[in-house]
Amino acid sequence: MLRLSRPHIDDEGIAAVVEVLRSGQLVYGAQGHAFERELEAWLGCSHAVLVSSGTAALHLSLVALGVGPGDAVLVPDFTFPATANVVLLAGAKPVFVDVDPGSYCVTPNAIAAAVESWHGPERLRAVMPVHEFGSPVDMTGLRAVARHHSLHVVEDAACAIGAVHEGRKVGTFGDIGCFSLHPRKTLTTGEGGILVTDDATLAHRLRRLRNHGMERGAVGMQFHEAGFNYRLTDIQSALGRSQLPRLQGWIEARRVLAQTYLLALAPLARRGLIDLPIDSPGHSWQTFMVVLADGIDRAAVILRLAEAGIEVNVGAQCLSMQQSFEKFVATDPQAVSARLYRQGLALPFCEQYNNADVVRVSAMLESVLQGSHV
Ligand SMILES: *Cc1c(COP(=O)(O)O)cnc(C)c1O
C-alpha cells in the first residue's frame, strides 16, 4: 500500500532517542533547550517555545494574549478543527471565514469583509490565518488588515513549517506563530508543537504557562498563575534535532514532487474532472490535495484507489458543517469550504516518494475517473 505519507525516521534519530533514554533526563531539559535555539535560527525568530502539540501551541497563544469570554476570533472555515476548538476552549467564539478555492487559505480581503460585517455582541480580538497544507497566506496584506482593526494575529502554521512569504518564513509574521510536530507534518517528534514570537514578554509568559505557571527563583519553585503541563519531552526533542538539518532538503524535494503531480494531472484538470491547487511561491507542500468535480463520487474513488494499493483521503474539514460548532454558525456553510470538504482528495505525498510513485498515482486516478461525466 502506498500510504498517504510516512514519517521520516532514520537510524540517526533512533540513536539520538536511545541516548536520551539512557541519560535518565526525559522531560524538558538540555535537548529541548538546544532544539529551541536551533529552531530560532532555522525559522528566523527571536523566541521558540516547545510544547506538547500544535493544538497546545494554539491554545497557549490565545490564553497568553488574554483572549477569552466576550471575545470573538476569526478562523478559516476550511482547516483542521483544532484551530477553532482552542477558541472555544479559551471561552471565546469562533467566526468562520471562507477560503480561496485555489490556495485553500483565507485572503486579506475576506478577513477585512468579515470584520466589516461583524455586529457582535462579542468583541473581535484576533485572527488566526491557517497556511493550509503549506500554502503561505499573504501575511503582508493580512497584517495590514489586522493592524487597521487592532486584532491580534495568531498564525496557525501547524502544517506549514518552511513555507515562505516574501522571503520570510511563515509563523514569524504574527504576534505568535504555531507549528505542529505530528507525524503527518514534515518535521515530526511523534507529537509536539512550537510557538514562535519576537516579543520577549510574551515568550516568558508562554514558557511559564506551559510549565504549571512556575518559575525558578532564588527560593526555588514559585507558582505565579494557573498553568498547564504542555511540555515536550527531551526524548522528542532529540528526535526533532536529528531531523532539522535535513528539513530544508525535504521541503525542496516536496516542491519538485508537487511539480510532477501538477504536470501529470494537468490533462485531468483540462477535462474539468479535477481542480489543482495553486502553485504559490514559497509553498512548502505538506499535503497535495486536488478537488474532484461536483458529481464525482469521492467515496467510490477512495475505494477504487485503495483496491489499487493507493491510500488517499479527505483533505481538511469544513468547520461550520461539524456538530461541535453548530451553534456558532449563523448562516449556511461557506460555499468554497464546503466544496473543498466534500470533494477534496489528498494524494500520497512526502519527500520519501519519487517521481515514479507520483506518476503511478496520477495514472491510476486518471483510469478511475475515466468513466466519470461532469
Ligand atoms: C495538524 C494541525 C493542527 C493540530 O496539530 P497537532 O499537533 O496534531 O495538535 C492544527 N491546525 C492545523 C492546520 C493542522 O494541520
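**Entry 1. The largest cavity**

I looked up the lining of the largest cavity and listed Ser5, Arg6, Pro7, His8, Pro183, Arg184, Lys185, Thr186, Thr188, Arg254, Cys350 and Glu351. I note here that the model is a predicted one. Sorted by class, the lining of this cavity holds 5 charged, 4 polar and 3 nonpolar residues. I then asked how much space lies in the largest cavity. I recorded about 60 Å³.

**Entry 2**

I turned to the sheets and traced an open one of 7 strands, with mixed pairing, in the order S1-S10-S9-S6-S5-S2-S4. Which strands stand at the edges? I found strand S1 (47-51) and strand S4 (93-97) there; each has a single partner strand, so one side of each has no neighbour in the sheet. From one strand to the next, I noted a twist that averages 30 degrees.

I examined the pairing of strand S2 (residues 71-76) with S4: the two run parallel and are joined by 5 bridges. Within this pairing, I looked for the bridge partner of leucine 74 in S4 and found valine 95.

I also checked helix H3 (residues 54-64) against this sheet. Helix H3 lies across S1, strand S6 (152-156), strand S9 (176-180) and strand S10 (193-197). I recorded an angle of about 165 degrees between helix H3 and S9.

**Entry 3. The sheet of 3 strands**

I followed a further open sheet, of 3 strands, in the order S13-S14-S16, and noted that its pairing is antiparallel. Strand S13 (274-275) and strand S16 (344-347) form its edges; each has a single partner strand, so one side of each is left without a neighbour in the sheet.

How many bridges join strand S14 to S16? I counted 4 between strand S14 (residues 288-292) and S16, which run antiparallel. At the residue level, I found valine 290 opposite leucine 345 in S16.

Lastly, I looked up which strands helix H9 (residues 298-307) lies across. I found S14 and S16, with helix H9 running at about 20 degrees to S16.

Definitions and conventions:
Residues are numbered from 1 along each chain as its sequence is written. This is a predicted model: local features need pLDDT of at least 70, side-chain atom pairs count only at pLDDT 80 or more; totals for chains, interfaces and linings use all residues. Side-chain values use heavy atoms; hydrogens and water are left out. On a 1 Å grid over the protein atoms alone, a cavity is a set of points where a 1.4 Å probe fits but cannot get out, and a pocket is an open set with protein on both sides within 12 Å along at least five of seven lines; lining residues have an atom within 4 Å of a point. Grid points are joined across faces, edges and corners, and a volume is the space filled by probe spheres set on the points. Ala, Val, Leu, Ile, Met, Phe, Trp, Tyr, Cys and Pro count as nonpolar, Asp, Glu, Lys and Arg as charged, and the others, Gly among them, as polar. Two strands pair if DSSP finds at least two bridges between them. Axes are lines fitted to C-alpha atoms, for helices over the stretch in contact, and angles run from 0 to 180 degrees between N-to-C directions. Contact means heavy atoms within 4.5 Å.
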